[in-house]
Amino acid sequence: MEGALSFFSPSPFSSNRSNLSLPKKPLSQFSSSRASIPKVSPLPRSSKRTRKSDVRISPKTAERSRISRPLDSKKINIQKLNAEVSPHRAVSAVRLLRIEQGGAFADLLNEKGRKAAENEMSYVERTLGFRTRDLDDRDIRLVTDVVGGSVRWRRYLDHLIMSLCNKERMFTDMEPLLLQILRIGFFEILKLGMPPYAVVDENVKLAKAALRPGAGNLVNAVLRKLVSLKEKDSLPLPTLEGDDHAQARALAVIHSHPVWMVRRWTKFVGQEEAVRLMNWNNSDPCFSLRVNTAKGFKRVDLVNRLEDLMVPYELSSCMDDFVRIHTGMQIVIQAGLLKDGICSVQDESAGLVVSVVGPQPGDAIIDCCAAPGGKTLFMASCLRGKGTVMAIDINRGRLRILKEACKLLNVTNVVITTHADLRLYAEKHNVKVDKVLLDAPCSGTGVLSKRADLRWNRQLEDLEQLKHLQDELLDAASMLVKPGGILVYSTCSIDPEENEERVAAFLQRHPEFVVHPVHPYVPPDFITDKGFFFSNPVKHRMDGSFAARLVRSLDYPC
Ligand SMILES: C[S@@+](CC[C@H](N)C(=O)[O-])C[C@H]1O[C@@H](n2cnc3c(N)ncnc32)[C@H](O)[C@@H]1O
């Protein structure tokens, strides 16, 4: 579970649709050609070939699209400015292209907001050969919404795009940039409710400028077809019919998830609950802030700052140091609340896992898979300067982020970082401590609302590998627990095979451990009948997390 705000963590920008200020021009100004919707027909063979070469990115553009260091903004040639194309669409299209090529995350604009925006524009220039005007705050919000949303709704959008192309080949052969532009247009019309003809017009302009006039015509035709079908309320979406598999496929399109996830959740919790979960995953993420007590701040200080900034908040009902905000994260960032170490972005579910560990001043704790450090930092602040948290992680880059965060939050005096593979570390070192947290690598199915692209990066086959790794890491972590000490196993997965089943398998292999029910540590609403902690995204309106508290018996020799 990644609780700390970092480049790897979810974008802190709340996707706040109610804050969207839609294009201010009257509709009529955008709808230059409301004439009949051209039919998108397959091209004749000969012209198709011509067109195909036409639609491919030229070698020069392809070269530009190669992902490398962004240009120095000072060297930018003003002649490359294209004032016609809307900045958020150009940036979104290039960003989506980079995500597809594996060169970027969906959650893009972190606390370095302005700098990130400048970098994004450099990528636009490299890829498209022109810049647009700079992104303003509204554009940044739009990029966040459009990129996150287009990634999240990809299966749904692609189903519709494919249905509106007359031939499947036309969709499968579509050049990547053109596909991104169509996804943006479909998402803006169907999910952001932007004025449709403005969306058509603007995306046509982008396609013409970024590709060629023909691509603009195609975007025009397909988007207008969409607008017409939407107006008639007859979008070509699958219906819930047939056997379980057919229904899962239909749900996977309608709610834009992988079929395997739909099938799995339907099996575990039933179709209705699976649909609720998918709706949650598709909803705008809500963020929580943890006040940094290690720097002497109290929750009331954070609340006062939020009130000054007019950011609406809710006090967490289950965690004293936390507040929830649904909107206004960008304001929080710009006001420097994170940069100044007043608070961190951390989901309450991650905070509750720390409650299960129950760190007390004077404890010696090992956080086995610690980076980027959300839980390490919270545990460290609970120690109030007495005791230690050893933060182990195999990933050097993520560990570096953790170290920086320790400095920012003033907890370097109690945190020791160790770059190691936990399995090797546990074998080589005879260290035994009071409390060990293993926040294991997992499928992340509890955090899909915040991690827009995660659902597409996970395969069913990954589960087997993950389960194997989780078992190995549990065995290693158990070696670091002193007799009478505590081992907390946690994940940000909602899958029983990564949670209860891993604990059951561990207890079979390690009779020296028993389950210690989590009743004293978290509210009753979060406790399973086996005494584990579990936050259910639908029920608790937070990320899904699991934690088991295991105690090493005093009677077994180490
Ligand atoms: C779920 S994340 C941990 C999130 C972290 N606990 C937090 O709250 O910010 C899992 C971490 O396990 C680390 N990891 C994976 N395999 C590991 C291994 N063999 N030894 C140590 N760390 C490992 C990954 O690098 C990743 O940072």
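Modeller: First, a term: helices (H or I, at least four residues) and strands (E, at least two) are DSSP runs, numbered from the N terminus. The model is predicted: local features need pLDDT of at least 70, side-chain atom pairs count only at pLDDT 80 or more, and totals for chains, interfaces and linings use all residues. Residue numbers start from 1 along each chain as its sequence is written.

Colleague: Which strand holds Asp-393?

Modeller: UniProt, in an unreviewed entry, lists Asp-393 under "binding site", along with others including Ala-371 and Asp-439. UniProt positions follow the numbering used here, feature names are shortened, and annotations may be inferred rather than shown by experiment. Asp-393 belongs to residues 388-393, which form strand β6.

Colleague: Is Ala-371 buried or exposed?

Modeller: Ala-371 sits in the loop between β5 (364-367) and α18 (374-382). Buried means 20 or more other C-beta atoms within 10 Å of a residue's own, exposed means 12 or fewer, and partly exposed lies in between; C-beta atoms are placed from the backbone. Ala-371 has 28 such neighbours, so it counts as buried.

Colleague: How many residues make up the largest nonpolar core?

Modeller: A nonpolar core is a set of buried Ala, Val, Leu, Ile, Met, Phe, Trp, Tyr and Cys residues joined through C-beta atoms within 7 Å. In the largest, Leu-438, Ala-477 and Phe-533 have the most contacts inside the core, and its residues number 88.

Colleague: Which domains each give this core at least three residues?

Modeller: Domain bounds come from an automatic or database domain assignment. The contributors are domain 3 (287-345) and domain 4 (348-552).

Colleague: Why does one side of β2 and of β4 lack a neighbour in the sheet?

Modeller: Strands pair if DSSP finds at least two bridges between them. The open sheet has 4 strands, in the order β2-β3-β1-β4, with antiparallel pairing. β2 (314-315) and β4 (343-345) each have a single partner strand, because they stand at the edges.

Colleague: Which residue in β4 is the bridge partner of Arg-290?

Modeller: β1 (residues 287-291) pairs with β4 in the antiparallel sense, over 3 bridges. The partner of Arg-290 is Ser-344.
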